[in-house]
Amino acid sequence: QAHLEETGGGSVQAGGSLRLSCVSSLKNYQMACMGWFRQVVGKEREPVATIKIGNGDTRYADAAKGRFTISQDSPTNTLYLQIDGLEPEDTAMYYCAANSWSADCFSAAVAGEFLYWGRGAQVTVSS
């Protein structure tokens, strides 16, 4: 049973920065993709960014381009999401997730094909 755990959420003022972390019990050889998703209350969960395990290829949702950076530290199986220039619209529950088979990680994220999920970390941005 895979276990993913997010940390680093909290309350931040607009314009500030935050780094979310996600430690995975899965090893790199067990994963093809990792990603960050977010969900606003009353809305569907949406992909934010994905990273291809192995070659490090990253993809971002349009709303995340320029302010969000996804990265992974392989030795510690830790996924990161750096968010700069936080805006109130970034307020959401942020989830990390992984799957073990996709070639196109972002397409898989949009299609709902990520299998392993963390419980989420709340990010609240005040104006």
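Predicted model: local features only at pLDDT ≥ 70, side-chain atom pairs only at ≥ 80, totals over all residues.
**Aromatic cluster**

I started with the rings: Phe37, Tyr95, Phe114 and Trp117 make up one aromatic cluster. My search through the whole structure turned up 3 aromatic pairs.

Next I checked for charges over the rings. The charged end of Arg45 sits over the ring of Trp117, 3.7 Å from its centre. Arg45 also lies over the face of Tyr95, at 5.0 Å from the ring centre. Both of those rings belong to the cluster I began with.

**Salt bridges**

How many salt bridges does the count come to? I get 6.

I took Arg38 and Glu46 to begin with: their side chains meet at 3.1 Å, N to O. Arg38 has 9% relative accessibility, so I put it down as buried. Glu46 is partly exposed, its relative accessible area being 35%.

Then I went to Asp104 and Arg59, a salt bridge whose closest N and O atoms are 3.5 Å apart. Asp104 is in the loop between strand S9 (92–99) and H1, while Arg59 is in strand S6 (residues 58–60), so the bridge ties together parts 45 residues apart in sequence. I have Asp104 as partly exposed, at 35% relative accessibility. Arg59 comes out as partly exposed too, at 36%.

Asp90 and Arg67 were next on my list, with side chains meeting in a salt bridge at 2.8 Å, N to O. Asp90 lies in the loop between S8 and S9, and Arg67 in the loop between S6 and S7, so here the parts tied together are 23 residues apart in sequence. Both Asp90 and Arg67 are buried. Which residues do salt bridges with shared partners join into one network? I traced Arg38, Glu46, Arg67, Glu87 and Asp90.

**The S1-S3-S8-S7 sheet**

I followed an open sheet of 4 strands, in the order S1-S3-S8-S7, with antiparallel pairing. Strand S1 (4–7) and strand S7 (68–73) are at the edges, each pairing on one side only. S1 is joined to strand S3 (residues 18–24) by 4 bridges, and the two run antiparallel. In that pairing, I see Leu4 standing opposite Ser24 in S3.

I picked out Ser21, also in strand S3. Ser21 is at 13% relative accessibility, and the cut-off for buried is under 20%, so I count Ser21 as buried. What does Ser21 touch, leaving aside residues up to four places away in sequence? I listed Glu5, Glu6, Thr7, Trp36, Thr78, Leu79 and Tyr80.

**A positive phi**

Last stop: Asn77, in the loop between S7 and strand S8 (78–83). Its phi is positive, about 55 degrees, although Asn77 is not a glycine. I flagged the angle because most residues other than glycine have a negative phi. At 8% relative accessibility, Asn77 goes into my notes as buried.

Key. Residues numbered from 1 in each chain as written. Heavy atoms only, no water. Pairing = 2+ DSSP bridges. Phe/Tyr/Trp six-rings, centres within 6.5 Å; stacked < 30°, edge-to-face > 60°. Lys NZ or Arg CZ within 6 Å of the ring centre and 35° of its normal. Buried < 20%, exposed > 50% of the residue type's maximum accessible area, 1.4 Å probe, protein only. Contact = heavy atoms within 4.5 Å. Salt bridge = Lys/Arg side-chain N within 4 Å of Asp/Glu carboxyl O.
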